[in-house]
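This report describes one protein model. It takes up a few local features and then the larger arrangement.

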Amino acid sequence: MLKNISPLISPSLLKILAEMGHGDEIVFSDAHFPGHTFNPTVLRADGLGADALLGAVIPLFELDAYATPVIMMAPVPGDSLDPAVEAKYRKALNYDGDIEQMERYAFYERAKKAYAVVITGETAKYGNIILKKGVTPLS
């Protein structure tokens, strides 16, 4: 067991986060996301809400300062988003910056290029989010 690392972060996820470089992206998806269809590197976090996992990851993960570092899936035409989903993700990330809304199929294409996909137990509709890794500042 490591100190100061949330028990929500599996050893596999910790390895992925450490391997990622500046500009790499990771998808934290809802439970319905077809991750294995779009990316060869898929981790499971069943039973965990995406917000809980985001809150555990963000102390270890610097968001990109040179591009919009948070991307969410936009609703399909005729559907709507629950603003509480974005609000709980913002709170978990302690993030008040811009969030890019991406059309569903464009989001899938972006997921293909992501470093990894983490399928969470999130059941909220459109509960998918991409984080772009930044540069960790020197202390």
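Where does asparagine 4 lie? Asparagine 4 is in the segment before H1. The model it belongs to is a predicted one.

Asparagine 4 is not a glycine, yet its phi is positive, at about 65°. Most residues other than glycine have a negative phi. The relative accessible area of asparagine 4 is 79%, so this residue is exposed.

Asparagine 94 is a further case: its phi is positive, about 50°, and it is not a glycine either. Asparagine 94 follows H4 and belongs to the loop between H4 and S4. With a relative accessible area of 73%, asparagine 94 is exposed.

## The sheet

Six strands form an open sheet: 6 strands in the order S2-S5-S1-S6-S3-S4, with mixed pairing. Strand S2 (42-45) and strand S4 (100-102) are at the edges and have a single partner strand each, so one side of each has no neighbour in the sheet. On average, and ignoring direction, neighbouring strands are turned by 20° against each other.

The pairing of S3 with S4 is parallel and covers 3 bridges. Here isoleucine 71 stands opposite glutamate 100 in S4. S3 also pairs with S6, in the antiparallel sense, through 3 bridges; the bridge partner of isoleucine 71 in S6 is isoleucine 130. S1 and S6 run antiparallel too, joined by 4 bridges, and valine 27 has isoleucine 130 as its bridge partner in S6.

What covers S6 can be read from its residues. Both of its faces are covered: Ile129 and Leu131 are buried on one side, and Ile130 and Lys132 are buried on the other.

## Helix H4

Which residues of helix H4 (residues 83-93) are buried? They are Val85, Tyr89, Ala92 and Leu93. Seen down the helix axis, these buried residues fall within an arc of 90°, so they line one face of H4. Among the elements that cover them are helix H3 (50-57), strand S3 (70-73) and strand S6 (129-132). The face turned away from the buried side carries the exposed residues Pro83 and Lys91.

Lysine 91 is part of helix H4 and has 72% relative accessibility, so it counts as exposed; the cut-off for exposed is over 50%. Between lysine 91 and serine 12 there are 79 residues in sequence and 25 Å in space, C-alpha to C-alpha. At the start of H4, a side-chain oxygen of aspartate 82 comes to within 2.9 Å of the backbone nitrogen of alanine 84.

## The aromatic cluster

How many aromatic pairs does the structure hold? There are 5 aromatic pairs. A pair of aromatic rings is described by the distance of the centres and the angle of the planes. One of the pairs is formed by phenylalanine 33 and phenylalanine 38; it is tilted, with 6.1 Å from centre to centre and 50° between the planes. Phenylalanine 33 and phenylalanine 38 are both buried.

Why is the pair of phenylalanine 38 and tyrosine 108 stacked? Planes under 30 degrees apart count as stacked. The centres of these two rings are 4.5 Å apart and their planes stand at 20°, so the pair of phenylalanine 38 and tyrosine 108 is stacked. This pair links distant parts of the chain, since phenylalanine 38 is in helix H2 (residues 35-38) and tyrosine 108 is in helix H5 (residues 104-113), 70 residues apart. Tyrosine 108 is buried, as is phenylalanine 38. Taken together, ring pairs join Phe33, Phe38, Tyr105, Phe107 and Tyr108 into a cluster.

Note on methods
Residues are numbered from 1 along each chain as its sequence is written. This is a predicted model: local features need pLDDT of at least 70, side-chain atom pairs count only at pLDDT 80 or more; totals for chains, interfaces and linings use all residues. Side-chain values use heavy atoms; hydrogens and water are left out. Rings of Phe, Tyr and Trp (its six-membered ring) pair if their centres lie within 6.5 Å; planes under 30 degrees apart count as stacked, over 60 as edge-to-face and the rest as tilted. Buried means under 20% relative accessible area, exposed over 50%, partly exposed in between (1.4 Å probe, protein chains only). Helices (H or I, at least four residues) and strands (E, at least two) are DSSP runs, numbered from the N terminus. The arc is that of the directions from the helix axis to the C-beta atoms. Contact means heavy atoms within 4.5 Å. A polar contact is a pair of N or O atoms within 3.5 Å; within protein, one must be able to donate a hydrogen and the other to accept it, and residues adjacent in sequence count only if both atoms are side-chain atoms. Two strands pair if DSSP finds at least two bridges between them. Axes are lines fitted to C-alpha atoms, for helices over the stretch in contact, and angles run from 0 to 180 degrees between N-to-C directions.
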